[in-house]
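Please open the structure in your viewer and keep the selection panel at hand.

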There are 2 protein chains.
Amino acid sequence: MKLTYKGDYALKAVLDLALHYGQEPVTSHDLAKRIDAPAKFFEQVLTELKKGGIIESRRGNEGGYLLSKSPSKITVGDIIRIIEGPIEPIACVKENYANCTDVNRCVFRNIWQKVYQATSDIIDHVTFEDLMAQVKGQQQIATYSI
Amino acid sequence: MKLTYKGDYALKAVLDLALHYGQEPVTSHDLAKRIDAPAKFFEQVLTELKKGGIIESRRGNEGGYLLSKSPSKITVGDIIRIIEGPIEPIACVKENYANCTDVNRCVFRNIWQKVYQATSDIIDHVTFEDLMAQVKGQQQIATYSI
DNA sequence: TGTATACTCTACTAAGTTAGTAGGAATAGT
DNA sequence: ACTATTCCTACTAACTTAGTAGAGTATACA
Ligand code: FES
Ligand code: FES
């Protein structure tokens with residue numbers, strides 16, 4: 001698992017939208033400015049999140065983006081899988097991929113499977129509700145910073 | 001953590017050398033053939049492993065490569081770190097890197113730190129002695145295949 | 001009906017990484 | 001001297017990452 005800028009922006013965006021859940025849509029422009037992402041590039045990230053079913057959009061005046069479900073139902077793993085793709089260190093962990101010679105007797109496969117499991121266990125159990133709680137806990141200082 | 005071909009070749013090479021530990025050096029050519037890697041590309045991998053202190057070399061006739069320490073003292077993590085570089089999903093996990101805005105209050109950092117820890121815990125505790133045992137366990141069928 | 005506001009879509013690009021190739025120089029044993 | 005082998009430098013094609021650019025489409029509101 002390696003986090004690219006795209007994934008970084010996506011996570012920050014979803015957290016921001018989570019903090020605006022139930023309110024008016026947030027514009028791409030506002031989001032981009034708050035998380036300090038290049039506006040045009042960031043639009044592409046939002047498009048992928050939308051295709052992934054995480055957010056929905058309202059066009060025109062008063063439009064913008066909003067979460068398509070409750071922050072408690074969205075995990076960090078969801079975002080990572082949508083933006084960064086598969087999280088396993090090597091493809092044959094999931095399927096009987098023809099990467100190594102003999103899958104059945106490969107002594108390394110087991111290791112990558114464990115890494116995959118451990119990573120999934122972490123990122124699939126952190127919801128954006130959890131993250132919101134953390135943000136609000138430190139809110140007393142100033143506006144949240146992601 | 002993502003495994004590239006280089007890392008894949010390196011792990012297989014070190015396991016092969018582990019199985020020849022205490023014996024004559026193994027030539028790059030023989031290694032490459034057994035693990036099915038392009039000979040010239042594979043040489044580069046060996047060079048990196050040597051620089052990393054994992055293997056040493058003997059030049060000229062009867063030369064080749066051998067482990068510079070016991071298989072019980074080499075872990076999968078050692079090889080990964082040498083060949084693939086840092087294993088954390090984002091740079092600021094290790095240092096106070098200026099990637100995210102405010103490191104102290106970043107709610108994501110904690111997650112990547114956990115992923116880093118979990119991954120390290122796995123790959124740093126598998127030695128090539130462990131892997132040799134596995135290989136020898138299934139040896140009854142034929143020659144080992146990595 | 002017009003217009004400002006915002007999302008949508010397609011295409012292009014520069015830099016970096018990955019997975020190699022190619023060719024020769026240096027060294028050691030017989 | 002010959003041969004086997006490591007060592008060293010440079011090049012390349014394909015792919016990924018992190019953007020840019022610009023036109024097109026939908027919606028609210030006056
Ligand atoms: S068969 Fe996939 S890691 Fe070896
Ligand atoms: S400060 Fe590094 S993940 Fe946010």
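Begin by selecting the residues of the surface near DNA strand D, which divide into five nonpolar, 11 polar and eight charged. The model in view is a predicted one. In total, 24 residues surround DNA strand D, and the closest of them are Lys40(A), Arg59(A), Ser28(B), Lys50(B) and Ser57(B). Of the atoms of DNA strand D that come within 4 Å of the protein, 66% belong to sugar and phosphate.

Select Lys50(B): a polar atom of its side chain lies 2.5 Å from a phosphate oxygen of DNA strand D. Then move to Tyr5(A), where a backbone N or O atom is 3.3 Å from a phosphate oxygen of DNA strand D. Asn61(A) is the stop at which to look for a base: one of its polar backbone atoms is 3.3 Å from a base oxygen of DNA strand D.

Now colour the protein by secondary structure. The elements that give two or more residues to the surface near DNA strand D are α1 and α3 of chain A, together with α3, β1 (55–58) and β2 (64–67) of chain B. Which element provides the largest share of this surface? It is α3(B), with four residues.

**The other strand**

Turn to DNA strand C and select the protein around it. There are 24 residues surrounding DNA strand C, and Lys50(A), Arg59(A), Lys40(B), Gln44(B) and Arg59(B) are the closest. Sugar and phosphate make up 67% of the atoms of DNA strand C that come within 4 Å of the protein. The residues of this surface comprise five nonpolar, 11 polar and eight charged.

Select Lys50(A), which has a polar side-chain atom 2.5 Å from a phosphate oxygen of DNA strand C. In Ser57(A), a side-chain N or O atom is 2.8 Å from a phosphate oxygen of DNA strand C. At Tyr5(B), a polar backbone atom is 3.3 Å from a phosphate oxygen of DNA strand C. The elements that contribute two or more residues here are α3 (39–51), β1 (55–58) and β2 (64–67) of chain A, with α1 (5–19) and α3 (39–51) of chain B. The largest share, four residues, comes from α3(A).

Residues 24 or more positions apart account for 63% of the contacts in chain A with a separation of 6 or more.

Select helix α1 of chain A, residues 5–19.

**The nonpolar core**

Finally, select the largest nonpolar core, which has 96 residues. Within it, Trp112(A), Phe128(A), Trp112(B) and Phe128(B) have the most contacts. Centre the view on Trp112(B). Apart from neighbours within four places in sequence, Trp112(B) is in contact with Met1(A), Leu3(A), Leu11(A), Val76(A), Ile80(A) and Ile123(A) of chain A, and with Pro89(B), Ile90(B) and Val93(B) of chain B.

Definitions and conventions: Residues are numbered from 1 along each chain as its sequence is written. Chains are lettered from A and ligands numbered from 1 in the order in which they are written. This is a predicted model: local features need pLDDT of at least 70, side-chain atom pairs count only at pLDDT 80 or more; totals for chains, interfaces and linings use all residues. Side-chain values use heavy atoms; hydrogens and water are left out. A residue is near a molecule or strand if one of its heavy atoms lies within 4 Å of it. A polar contact is a pair of N or O atoms within 3.5 Å; within protein, one must be able to donate a hydrogen and the other to accept it, and residues adjacent in sequence count only if both atoms are side-chain atoms. Ala, Val, Leu, Ile, Met, Phe, Trp, Tyr, Cys and Pro count as nonpolar, Asp, Glu, Lys and Arg as charged, and the others, Gly among them, as polar. A nonpolar core is a set of buried Ala, Val, Leu, Ile, Met, Phe, Trp, Tyr and Cys residues joined through side-chain atoms within 4.5 Å. Buried means under 20% relative accessible area, exposed over 50%, partly exposed in between (1.4 Å probe, protein chains only). Contact means heavy atoms within 4.5 Å.
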